[in-house]
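Keep the view open as you read.

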Amino acid sequence: MSQLDRLRGHAIARLRKHSVISLIRVACYVALVGLAVMAASIIYPAPLPVIFAMSVGQVIGIVAFLCYLLSILMDVVRGTDHAPDAPGPARQFQKPEGQ
Amino acid sequence: MPHAGPWLGYLALASAIIAAAILLHFLVRKPALDLRTKLMLLLGLGVFPTITAATSTVAGMEATTHREFCGSCHTMDDHFGNATDPDAQSLAARHTRNPFFGDESCYVCHADYGMFGYALTKMGGMKHVYYYYLGGYRGMSKEESRREVHIAKPYDNTNCRQCHTTTAHVWRTVPDHQAMQAQLAANKVSCASPGCHGYAHPFSKGPDGLGAHPSASGRPAAEHAP
């Protein structure tokens, strides 16, 4: 096994440890904060809210979107093997061996 | 910057509300993470927030050109009050009463002219914010701010000439203009000086409205009104 394969395997193992759903949830909460900051700058266009929205607000939004992209990447890597806390119907979960 | 109008703000708010609704639906209803949900999340986390960010940035930049925005810091209370006083006859007040740009009179008169004028003006605005929140101006009384806050560099006549052309016949026939054409072009003499068109904000030039207050601290002053 080459060094590259070992690194790739290590990265995949690390990705598998974390739940896709929980990362999407984090992305949602972070995005809601970013949206609130940007909306506040429209409702109350004072110097600090406007500057805050154009800097911190947009960074928060980018972080949220990157979390979403990472979760999609994790989802692609692990296929349908979702974490146990995944919401929705059980059809997403892999059937146990032998069933 | 062209006028975007209030609709841009409404668009930013609408897209923020739609994105928030999608995200809250996912968090509360916990739908299955199928392709449809992923696409909805792409809208809620990618498309609509991008629209919100873009429109709120344009709307925010436009908000920074409004007179109320400039007057929102208490150190500008006197300038704002004088500019909006219907009885005042200062250059600032007369320009603020102009129906075409009066709502943005601070920005229109103080924005740097030229290709990078907009960006340079906004960078200068960041300096104002720094001075206000971190440079001690926030804690100043009005009396202190009148004494300490001065224009950072001499007011450029080019800003006047954006609207008041110096090539028109009526301008060139004024004897004082003819005599001082070179000095005016080189900014050696300001259009807004006593004996010419007068100070834009005369109250800021000392008790008699003629001499500028000396800066007691000697630190760099925020760029503001001439």
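Start with α2(A) and α2(B), whose axes come within 10 Å and cross at roughly 20°. This is a predicted model, so read every value here as computed from the prediction. An angle under 35 degrees counts as roughly parallel, and α2(A) and α2(B) are therefore roughly parallel to each other. Their crossing is left-handed.

Which residues meet here? On the α2(A) side you'll find A:I24, A:A27, A:A31, A:G34, A:L35, A:M38, A:S41 and A:I42, and across from them in α2(B) sit B:L41, B:L45, B:P49, B:T52, B:A53, B:S56, B:A59 and B:G60. Sorted by kind, the residues of this contact come out as 11 nonpolar, 5 polar and no charged.

Now look at α3(A), which also meets α2(B), the helix spanning residues 35-63 of chain B. The axes of α3(A) and α2(B) come within 10 Å, but the crossing angle is roughly 165°. Angles over 145 degrees count as roughly antiparallel, and α3(A) and α2(B) are therefore roughly antiparallel to each other. This crossing is left-handed too. From α3(A), the contact involves A:V50, A:A53, A:M54, A:Q58, A:G61, A:A64, A:F65, A:Y68 and A:I72, while α2(B) brings a set that includes B:K38, B:L41, B:L45, B:G46 and B:P49. The tally for this pairing is 12 nonpolar, 6 polar and 1 charged.

Step back to the whole meeting of the two chains. Chain A puts in 32 residues and chain B 29 residues. On the chain A side, α2 (20-43) and α3 (47-78) each supply at least two residues, and α2(A) gives the largest share, with 13 residues. That side of chain A divides into 24 nonpolar, 7 polar and 1 charged.

Chain B has a layout of its own to notice. Its domain assignment gives domain 1 (7-63) and domain 2 (67-205). The C-alpha centres of these two domains of chain B lie 40 Å apart.

How far can you trust the picture? Chain A has a mean pLDDT of 80, with 71% of its residues at 70 or more. Among the elements of chain A, α2(A) has the highest mean pLDDT (94), and helix α1 (residues 3-17) the lowest (76). Over residues 88-94 of chain A, pLDDT stays under 50, though the model has 14 contacts for them beyond four places in sequence. Where pLDDT is low, the predicted coordinates should not be read in detail.

Methods
Residues numbered from 1 in each chain as written. Chains lettered and ligands numbered in written order. Predicted model: local features only at pLDDT ≥ 70, side-chain atom pairs only at ≥ 80, totals over all residues. Contact = placed C-beta atoms within 7 Å. Helix = DSSP H or I, 4+ residues; strand = E, 2+ residues; numbered from the N terminus. Nonpolar A, V, L, I, M, F, W, Y, C, P; charged D, E, K, R; others polar. Domains from an automatic or database assignment. Axes fitted to C-alpha atoms, helices over the stretch in contact; angles between N-to-C directions. Parallel < 35°, antiparallel > 145°, perpendicular 65-115°, else oblique. Left-handed = near helix turned anticlockwise from the far one by under 90°. pLDDT = per-residue confidence, 0-100.
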